[in-house]
Amino acid sequence: MLVTSLVAVLLAAAQAGRVVSFDNEVKPLLEARCIKCHGPAMQLGKLDLRSRQAALKGGEKGPGFLAGNPQQSILFKRVAGLEKPAMPMDGKLTEAEVETLKLWIEQGAKWEGEIGLKKPAVDPLKAIEESPLPPGAKDWWSFKKPVRPDLPKVSDERWSKHPIDAFIKQELDKQGLKPAPPADKRTLVRRAYLDLTGLPPTPAEVRQYVDDQRPDAWSQLVDRLLASPHYGERWGRHWLDVARYADSNGYEHDFDRPNAWRYRDYVIRSFNRDTPYDRFLLEQLAGDEVNEVTYDTLTATGFLRNYAKVGFREKDNPQFRFEYLDDMIATLGRGVMGITVHCARCHNHKFDPILQRDYYKIQASLYGYVEVEHPLVPKEQADEYYRQNDEIDAKIKPLRARVAAIEDPYKLVLVKDKYKRFPANVQEAIAVPEEQRTPGQALLANQIIRTVRVSSGEVARHLKPEERAEVQRLEAEIAALQKQRPKPIPTAMGITDGDYRFVPDGAGDEPAPGKGVKMEVTEGSYLHKGPGPYKVPPSYFLHGGDMYSRGSVMKPGFVTVITNGEPATEYPSPSGKTSGRRRALAEWFASPDHPLTARVMANRIWHHHFGRGIVATLDNYGRTGEKPTHPELLDWLAVEFRERGWSIKAMHRLIMNSQAYQMSSSFADEGNLAKDAANMYLWRFRQQRLEAEVLRDSILHVAGSLNTLMEGPAVFPPLPEETLRSMNKGIWKRQPNGPETWRRSIYVYRKRGLPFPFFEVFDLPDQTITCGRRTVSTVATQALTLLNNEFVLDQSKRFAARLQAMSADRNEQLRLAYEIALGRQPTSEELSVATEFLQKNQMDDLAHVLLNLSEFLYMR
């Protein structure tokens with residue numbers, strides 16, 4: 001450390017006396033590493049580094065540098081890695097190069113003339129767009145098509161009867177590990193119920209299985225549970241994590257999504273009817289493009305619409321559209337393919353052979369989307385509904401215009417007063433005429449102008465009496481017309497393709513200097529109305545991910561490294577109103593040549609059964625993800641999944657009928673623990689903490705409170721008053737504590753801006769992005785919640801009342817308590833301790849204790 005410090009001091013001293021030459025040191029550096037992204041071809045972030053004047057003018061983040069002050073210069077901060085994203089994008093500068101730029105800025109950043117005038121021999125932008133795959137790109141294990149391996153031969157009779165067991169035992173033998181013995185029947189029946197339905201078995205259901213001596217009793221139990229409607233509620237919840245489902249927009253305004261729940265119910269129904277996974281994907285990507293469009297397939301398109309959304313109109317903020325497209329690509333990449341395609345938005349992927357053009361090929365496949373509310377009634381009924389509303393809107397429009405003519409002059413004065421509470425630079429930006437604002441001023445001004453509003457109530461206090469009377473009369477007319485609206489028809493939040501394009505504010509195809517980009521839409525609607533078949537608006541290769549730095553027009557396509565042959569990129573649209581590109585994307589996912597789709601879903605199913613995937617990183621099969629512990633087994637499962645018709649229920653049967661699934665979780669062999677303490681090779685069943693939703697549902701179930709009504713709008717369990725007071729955007733309806741809110745947790749309102757506190761404590765994932773694997777933490781707030789939460793305390797009392805209603809005998813109450821909560825009878829020691837406990841405490845307290853036991857909180 002002393003030597004290193006001394007060298008740094010000596011280097012700094014040597015540099016301090018050096019005068020940096022712009023022509024000999026800085027100019028070559030800028031031309032070699034910076035000008036391709038901030039020069040004649042494009043200016044990322046609107047920063048132009050061709051001249052000192054342009055650099056000082058700066059871009060979206062301000063001036064490129066402040067002469068004499070490198071620590072406040074964006075150029076230095078980015079190349080030094082002090083501010084993200086670090087630059088240049090194609091690799092770091094050396095320490096000496098960073099020091100050169102720092103000294104140059106400190107010395108006043110002297111600069112004469114322009115740079116980047118010499119035309120390069122090869123167009124650097126075309127070179128980026130046409131980057132080849134690196135050598136050996138397809139050699140990575142997950143980019144190769146899975147092939148069914150031969151089954152291993154094992155001598156142990158118990159482990160030789162099932163393909164999964166043969167693979168597991170082969171690896172255990174290699175690692176010198178002993179497999180656990182089978183779990184007892186009571187443990188198994190509780191495991192199966194929690195795993196497939198998310199609810200513990202009743203005492204009668206436990207006895208039914210324990211007493212069943214048929215050799216196929218276990219497989220019969222699995223079939224019964226797969227036929228239960230509760231199965232879809234349990235396993236649909238897993239997919240909703242992938243789909244980043246929520247009932248509100250998120251972000252600042254967190255607007256309600258009143259019809260989002262229809263997608264949630266579609267997912268539950270799909271799992272219950274065992275919709276083949278390839279069809280499930282097709283409906284969610286292109287439910288409006290399939291040959292037979294139904295209400296369910298239209299509802300399924302809500303999958304792509306589930307992105308978190310800023311509250312403004314998209315046409316006023318076109319940049320947000322690219323964020324929503326990025327979210328779709330991230331969800332499809334991580335959730336369906338297990339690769340991080342979204343990391344190639346600004347440059348070729350840093351770790352995996354995913355090209356930047358792959359990102360924009362997929363973006364082109366999705367680019368035509370527009371948000372819609374799909375009517376779930378016959379077309380004639382929907383047309384009549386919209387016709388009546390259009391008539392009423394036409395009558396209301398002139399009335400609103402007259403109100404605005406009275407109120408707007410007042411609003412203009414009042415809003416200026418509101419602007420005064422903001423800093424001087426914000427007020428200055430607002431005062432500059434829109435066409436004269438710098439990019440930075442435009443960003444500041446637009447944020448304030450679009451969020452600061454003057455309400456009609458505020459205006460009313462300033463109106464003259466005659467103006468107030470006129471506004472009241474007009475508002476009364478409007479209210480009377482509103483009452484004439486027809487009863488709303490059911491609709492589903494989804495997407496389809498539509499007519500719009502992004503155009504510059506200036507003339508021509510490219511943004512004029514200092515201009516932005518706006519969305520041009522068909523008058524009155526995004527939907528294609530003809531004439532002729534639908535044509536997708538052009539999408540572009542965006543250099544650096546910057547919407548202003550357009551490259552070539554992109555054609556739809558797929559990820560190069562995992563695409564074999566030339567699969568179709570468009571399908572004929574049955575309606576003529578869509579492009580068929582999203583359907584082509586879905587068909588590619590389900591192609592027999594796709595190396596990842598079946599692997600990823602088979603591994604996802606395995607993870608939810610065993611608590612860890614064969615690939616632990618469920619959404620990253622690239623070089624930064626973990627490699628499979630049992631690669632041959634994963635390939636065998638992927639091929640089997642596809643050949644069994646993409647049936648998820650068939651995979652449950654296959655996995656759960658293995659010895660691997662039926663092992664004990666309490667087996668503790670010292671030799672095994674020394675060699676594989678993390679149980680990577682599955683020598684015993686992994687104990688798994690119940691997810692937040694399953695824990696809440698289990699508490700309701702054992703208390704006898706659970707309302708099993710399925711589907712429908714979300715419910716709003718009571719929240720503490722202080723929590724409700726902290727919420728100033730979106731909704732949380734006040735519903736009483738009772739059967740209406742005691743429904744399964746999948747139906748609890750998913751508010752992005754206010755996650756349900758009980759769920760959040762028990763590791764609810766971020767609801768704004770796709771989630772493959774939930775975090776499982778053990779923190780004090782979980783114990784405190786189970787001890788003090790009003791919901792838990794209330795249900796403990798109801799559990800106690802249930803026991804007392806079932807029997808007046810204290811010993812029988814204790815036996816029932818253990819059977820209902822834990823699926824077994826108490827031991828003699830537990831019975832003795834519980835009896836002694838009740839001499840000083842109430843049955844409510846004992847019920848509360850049972851709900852806090854680890855045995856209740858874990859699937860064993």
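Helix axes are lines fitted to C-alpha atoms over the stretch in contact, and angles run from 0 to 180 degrees between N-to-C directions. I use helix labels from DSSP runs (H or I, at least four residues), numbered from the N terminus.

I am working on a predicted model, in which local features need pLDDT of at least 70, side-chain atom pairs count only at pLDDT 80 or more, and totals for chains, interfaces and linings use all residues. Residues are numbered from 1 along each chain as its sequence is written, and side-chain values use heavy atoms, with hydrogens and water left out.

**Entry 1: H16 and H23**

I looked up how helix H16 (residues 318–337) lies against helix H23 (residues 581–589). Their axes come within 12 Å and cross at roughly 25 degrees. Angles under 35 degrees count as roughly parallel, over 145 as roughly antiparallel, 65 to 115 as roughly perpendicular and the rest as oblique. H16 and H23 are therefore roughly parallel to each other. I noted the crossing as right-handed, a term for a near helix turned clockwise from the far one by less than a right angle.

For contacts I take heavy atoms within 4.5 Å. On the H16 side I find Leu-332, Val-336 and Met-337, which meet Leu-585, Trp-588 and Phe-589 of H23. The residues of this contact are 6 nonpolar, no polar and no charged. In this count Ala, Val, Leu, Ile, Met, Phe, Trp, Tyr, Cys and Pro are nonpolar, Asp, Glu, Lys and Arg are charged, and the others, Gly among them, are polar.

**Entry 2: H8 and H9**

I then turned to helix H8 (residues 185–197) and helix H9 (residues 203–210), which pack at about 125 degrees with their axes 9 Å apart. H8 and H9 are therefore oblique to each other. Their crossing is right-handed. Lys-185, Arg-186, Leu-188, Val-189 and Tyr-193 in H8 meet Glu-205, Val-206, Tyr-209 and Val-210 in H9. I record 6 nonpolar, no polar and 3 charged residues in this contact.

**Entry 3: the cores**

A nonpolar core is a set of buried Ala, Val, Leu, Ile, Met, Phe, Trp, Tyr and Cys residues joined through side-chain atoms within 4.5 Å. Buried means under 20% relative accessible area, exposed over 50%, and partly exposed in between (1.4 Å probe, protein chains only).

The largest core has 168 residues, and Ile-164, Trp-239, Tyr-277, Trp-606, Leu-637 and Phe-799 have the most contacts inside it. H16 gives the largest share of this core, 9 residues. I also found a second, separate core of 23 residues, which includes Phe-22, Cys-34, Leu-49 and Ile-115.

I listed the neighbours of Ile-164, leaving out residues up to four places away in sequence. Among them are Trp-606, Leu-633, Trp-636 and Leu-637.

**Entry 4: loop residues**

Asn-306 lies in the loop between helix H15 (302–305) and H16. Its relative accessibility is 0%, so Asn-306 counts as buried. Beyond four places in sequence, Asn-306 touches residues including Arg-244, Arg-257 and Arg-752.

I checked the backbone too. Met-87 and Pro-88 are joined by a cis peptide bond, with omega about -5 degrees. Pro-88 sits in the loop between helix H4 (74–79) and helix H5 (95–106).

Tyr-251 is not a glycine, and its phi is positive, near 60 degrees. Tyr-251 belongs to the loop between helix H11 (229–242) and helix H12 (261–272). At 53% relative accessibility, Tyr-251 counts as exposed. Asp-274 also has a positive phi, about 55 degrees, and is found in the loop between H12 and helix H13 (277–286).

Note on methods: Helix = DSSP H or I, 4+ residues; strand = E, 2+ residues; numbered from the N terminus.
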